[in-house]
Amino acid sequence: YLLFQNYLKRNLNRLEIQSKRRAEETPLIPFAQTISDFIDHQRRMETIDPEQIAITVNNLAKEIDTLRKSVETGTKPNPKTPAIKADRMLANRCADRIDGLRNGFNEWHKFYQGYDPFYTWWMTEPHKALDHSLQLYSAAIREKLVGIRPDDKTTIIGSPIGRDALLADLQYEMIPYSPEQSVDIANSEFAWCDAEMKKASHDLGYGDDWHKALEFVKNQHVGPGKQPELIRKLALEAIEFLEKNNLVTIPELCKETWRMEMMSPERQLVNPFFLGGESIIVSYPTDTMSHEAKMMSMRGNNVHFARATVFHELIPGHHLQGFMEERYKPYRGIFNTPFWVEGNALYWEMMFWNKGFPQSPENRIGMLFWRMHRCARIIFSLSFHLGKMTPEQCIDFLVDRVGHERDNATAEVRRSFNGSYPPLYQAAYMLGGLQLRGLHDELVNTGKMTDRQYNDAILHENAIPIELLRASLTKQPLTRDFKTIWKFYGGVNK
C-alpha cells in the first residue's frame, strides 16, 4: 500500500511540475497543442479529413515562420503580442520540445503517407513545409536565445528544478534530510576520503599532496586492445573475493551470463567510464579519437580505477541485482529507485573496503577516487538544482576537488544535466549506500544477521525505497499515514 501510494503521489507531483513547465513554454511554442492533437487523434484511430488538415498544417508552418523571424530579429510576432523573451534554460527546453514535436509529427505523417492516397495528395507538400519550419525554428531558438549553434554538441545548459521539487523527490525516496543537509553529509564523507587519501599518498612517498599520488595511479593503464582482458580478470577476482568471505549468494548461472561491450566515442562524450548490468560497457580509446582524448580516456579508466568499479557494474553490483530482480518480487519493478540500485552497488564498494579488498596504496587510491566522486555528485548536482552552481563550475569542481580529467568531468556533468537521468540520480549513489551501510550496522553488527543473510535479503526485496526495505527486514509496524523518520546518518546541521 505504502509503495503504491508513494508511487502515485510522485507521479502526480511530476505531472503538476510538467504542467507548470508547459505553461512557461507556451509563448515560444503556442502551436504545441495542435501538433499533439494530430498525434492523439491517430492514437485513437479517429477518421481524418486530409483537406482540412492540409489547411491547418500550411497555416501552422506560416505561424512558426513568423515566430522564428521574431526570435531572429527580437521583434514582436504581431502588434498585439509582446516580443518573445526567455532565459537560456527555458529556451533550451523549448528547442528540445520542438525537436520532439517534429519527430512525433513525422511519425504521424508516416502512418498515412503512401497508404492513404487522399491524404498523400493533400499533405505531401504541407508536411515538408511544416517539417522545415520546425527545424529552422528550433535552430533559431538555440542560436539566438540559448546562445549555441545548432551543431554544438558540447555546451551544457541543463534545467534546475529548484528546492521545492528537490524536497518532493527526497520525500518520495524517503530521505529525511533536506538538500542542504544532504550536502552536509557529502562534505562529512568527503573529509573521511581526504584523510584516507593522504594516508595512501604518504605510503607512496608523496606526502600530503594526494593529487600527485593520484597522477601516479592514473598513468598505470593497460595498452590498446588490453582493456577487455583486464576487465575479465577483475570481474573474476571480485567473485572469488565474495565467495571467500561468504558475503552473498551468487547463482552459477549469474556468473556465466554477463557479457562485455565496448563504448563508442560518441557515447563516451556522455559516459566516460563503465556502465554495467548484464553487459559491462567499457569506455576506452578508439583509433578515431584525438591523442589528447585517448590519453584522458586511458588515464580515467586506469587499472586501479577499474578494479574499484568492475564489481560495481557486474557482481555483486548491477548484474547480480538485475539477475535477482527478475526472480524475487519482480512485481515491484515500477517502484525501482536509484537509491537502491546505485546505493547497493556503492554499498558494496564500502563493504569491499572494510573487508580488505584494496591490497596496495594504489588500490586504495583507486577506490577512494570513486568514493570522492560520489560525494562530489551530491554536492554539484544538488547545488546546480538549487541554483548555486553552473555547469561550468560543476566541471571545475570535479577537476579540482576530485582530480578528474577535464573531458571526463565534462562528460559527467553533461550526463547529469542532459535530461537522461532524474535530478536526484547522482545523489542516490552515496545517500543510498549510506542507508544500506546504516542498516548493516543495525542488523549485522548487532548479530541479528550474518553478512550473507543481510546481503541476500536486500536482493530478495527488489529495488524499493530503502526505508521500506528496512521496515520489511526489521518487521516494523506500519500505518497508512507512514512518513519517513529514519535518520540513517544521525543528526546534521540545518
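Start by selecting residues 318-325, which make up helix α15. Seven of the eight residues there are buried, so the helix is largely enclosed by the rest of the structure. To see which ones, click through H318, H319, L320, Q321, F323, M324 and E325. Now bring up what lies over them: the cover includes α10 (252-256), α14 (310-313), α16 (338-354) and α21.

Before going on, a word on confidence. You're looking at a predicted model, with a mean pLDDT of 92 for the protein chain and 97% of its residues at 70 or more. Colour by pLDDT and find helix α21 (residues 451-460), whose mean of 98 is the highest among the elements. Helix α11 (residues 265-268) has the lowest, at 76.

Next, pick W348, F352 and Y454. These have the most contacts inside the largest nonpolar core, a group of 97 residues. Helix α17 (residues 361-385) gives the most to this core, with 13 residues. Stay on W348 for a moment: which residues is it in contact with, leaving aside neighbours within four places in sequence? Look for L242, L247, V248, F311, P316 and N455.

Then jump to I48, L60, I64 and Y112, which are among the 37 residues of a second, separate core.

Last stop: the strands. Select β1 (residues 259-262) along with β2; the two run parallel and are joined by four bridges. M262 stands opposite V282 in β2.

Terms used
Residues are numbered from 1 along each chain as its sequence is written. This is a predicted model: local features need pLDDT of at least 70, side-chain atom pairs count only at pLDDT 80 or more; totals for chains, interfaces and linings use all residues. Side-chain values use heavy atoms; hydrogens and water are left out. pLDDT is the predictor's confidence in each residue, from 0 to 100. A nonpolar core is a set of buried Ala, Val, Leu, Ile, Met, Phe, Trp, Tyr and Cys residues joined through side-chain atoms within 4.5 Å. Buried means under 20% relative accessible area, exposed over 50%, partly exposed in between (1.4 Å probe, protein chains only). Contact means heavy atoms within 4.5 Å. Two strands pair if DSSP finds at least two bridges between them.
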